[in-house]
Amino acid sequence: FRTKDIQDVVRPGERWGVDINNVIGTNQGRALASVFGGVHVNPNVDVFAGGTYSTQENYRDGTGYEVANTGNRLSAGLAKLTVRPADGHEVKLGTIFQEDLFRVGQPPRRAGDPNSTNANGTNNLGGTSIYKSDVKNYTTTLGWKYSQPDDKLFDWDAKVYWNRTENDQIKTAHTSTTPSAYCGGVPGNAVSGCIGSNRGYLLDTFGIDVHNTSRFETGESWRHAVTYGLDAFQDKVTTNDTRGTSEVTTPGGKRTVSGGFVQWKANYTSMLEVVGALRYDNYKLESGTTSSGGDRLSPKITVGLLPTAMVTPYASYAEGYRAPSITETLVNGPHAGATVNDSFFRCPSGTPGPGADSTFCFVPNPNLRPEVGKTKEIGFNVRKNNLFLPGDSFRGKFNVFRNDVTDYIDQVSFGPPLVVPTGPPPAPSITVLPFLQYQNIAQARIQGFEAETMYDAVTWFVGVAGTYQDGKNVQTGVGLYSIPPQKVTTTAGVRLFENRLILSAMWTSAIANKSIPVTYLPGTSYDLVNLYLAFKPTQDLTLNLSVENLLNQYYRPYAIPVGSTGDTQNDVKWASAGAGIVFKGGLRYHFGGS
């Protein structure tokens, strides 16, 4: 993946170029505008810059109900300066800025809304706290690349970078409208803050990434490439909350992660490719008086056979290492009350009694261990031109995989079960576990199959891609809620009038993952049909039209926590749906000159 650069807007033979793009859409008030331009100042200096702005109001799902707080205002800009001081050398300075304005939380559910776990209930109309959010992200990167065709010893890519994410929030609504003495007469509490209060999160990351490839040959048939490098970064998190407990539940701290690797790739004529690698990872996490750390050496081996120019079978084994995050390790303190009795437990001990301030407590886990994944893959790639017709092509990828994860990190509820009243008598009660902690599951297993095919006959094309994944906690046999649905996507289209008009359709059929813990509600199975039209009357002008979710289906792609029938906080089912039918139209125009 890469960000836009000068080659995306300045065509071959041009010295400068500008691309202007505008898109408008329905459901509701969608619009986007962008301008990107670049110039070759001279053969050794390039300047590129641009920006985009998009806006969207709250959209409606497939049943016609407005999904709250799905609107946003997004603006972004990027600039790059590229200098080539000598043959083979390229120095690039780049910066990116992005700001996203949106709201998080759920307002009170409207009576009669069908998209709720408890559609006919009367206790889940209260909604949750809502925060007006302003997220800014800054990234600056300085990179230096060197490559020369006749230099077998050095082919390097080095970069240093800084990234900052600022999330500033103002609380605009509370779970109830009852005035709070703690908040001076406005709604709120000591956990989630008061209406009008501020909280903010700041994450600074500094990093370096350097690697080089050396190439050589042995005998007449073996070609070798040895790549070696190191990388390191440090996250520093700062949290500020004027009236709530975010400084505890989302704690500040530092995480330092570093590593180094060496990879050897060997090719024997055009028959065999072998890739072997070894990586060392190290991390250290610090916050207040708490610290943790660890390191590991992870191997990888891949063998690919190239018996023909059409089919390439391969097998791979690789181990990976993921250090726990600051929040996973150190999250602490009370969770805002989910019943009308906003006070039930005292944190951090969780002992019930007068003056308590929470319905359950987050518990830190400084002994949280990193995840270690061991992935096995077997598959083959297919690549063939002029298969049935002159100029046609077929591409295919098929892969079976299994990932056994030791010390998988997941949220775990525990502690002696306690009965919590949902309101004054005779209101019912619910049973809760008083503590929630990120813990290591002894072993998790994720396995599945992926396939992707595309046949292109020049004037028409068709492709099918599918994925199946299964994941479970091996210790309990219970499925993992984060596993995506089974999915098959079919794409087909035609090219007319010497490729100036392209008509295409995409059909995605998904079956929800229902092998999940009972505390989660499965996503929905769904069929999404999208239609696309691209018309290019001139070399510089393109008209795009599309219809997304043509069948106007209601769908929720992923599992969500189950809401209780006695829960005064609105469950998230109705707030998690995808958009219903959307019509879009856009124009793209290119300017350029020499």
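**Patch, disulfide and cores in a predicted model**

Mentor: In this predicted model, Val41, Val47, Leu81, Val83, Leu93, Leu142, Val160, Ile208 and Leu230 make a nonpolar surface patch of about 650 Å².

Trainee: Why does Leu230 count as partly exposed?

Mentor: The relative accessibility of Leu230 is 46%. Leu230 belongs to strand 11, residues 222-241.

Trainee: What makes Cys183 and Cys194 a disulfide?

Mentor: Their S to S distance is 2.0 Å, and the cut-off is 2.5 Å. The pair is therefore a disulfide. A search of the whole structure finds one.

Trainee: Which parts does the pair tie together?

Mentor: Cys183 is in the loop between strand 7 (155-173) and strand 8 (188-189), while Cys194 is in strand 9 (residues 193-194), so the parts joined are 11 residues apart in sequence.

Trainee: Why is the disulfide called left-handed?

Mentor: Because the torsion about the S-S bond of Cys183 and Cys194 is about -75°. Both cysteines are buried.

Trainee: Which residues form the largest nonpolar core?

Mentor: It has nine: Val237, Val257, Tyr283, Leu285, Tyr321, Ala323, Ile326, Leu330 and Val372. Strand 13 (272-287) and helix 2 (326-330) are the elements giving two or more residues to this core.

Trainee: What does Ala323 touch, leaving out residues up to four places away in sequence?

Mentor: Arg255, Tyr283 and Pro370. There is also a second, separate core of eight residues, among them Tyr408, Ile441, Ile446 and Leu480.

Note on methods. Residues are numbered from 1 along each chain as its sequence is written. This is a predicted model: local features need pLDDT of at least 70, side-chain atom pairs count only at pLDDT 80 or more; totals for chains, interfaces and linings use all residues. Side-chain values use heavy atoms; hydrogens and water are left out. Patches are made of residues with over 30% relative accessible area and no salt bridge: like charges are joined within 9 Å, nonpolar side chains (Val, Leu, Ile, Met, Phe, Trp, Tyr) within 5 Å. Accessible areas come from the Shrake-Rupley method with a 1.4 Å probe; for residues, only the protein chains shown count as cover. A salt bridge is a side-chain nitrogen of Lys or Arg within 4 Å of a carboxyl oxygen of Asp or Glu. Helices (H or I, at least four residues) and strands (E, at least two) are DSSP runs, numbered from the N terminus. Buried means under 20% relative accessible area, exposed over 50%, partly exposed in between (1.4 Å probe, protein chains only). A nonpolar core is a set of buried Ala, Val, Leu, Ile, Met, Phe, Trp, Tyr and Cys residues joined through side-chain atoms within 4.5 Å. Contact means heavy atoms within 4.5 Å.
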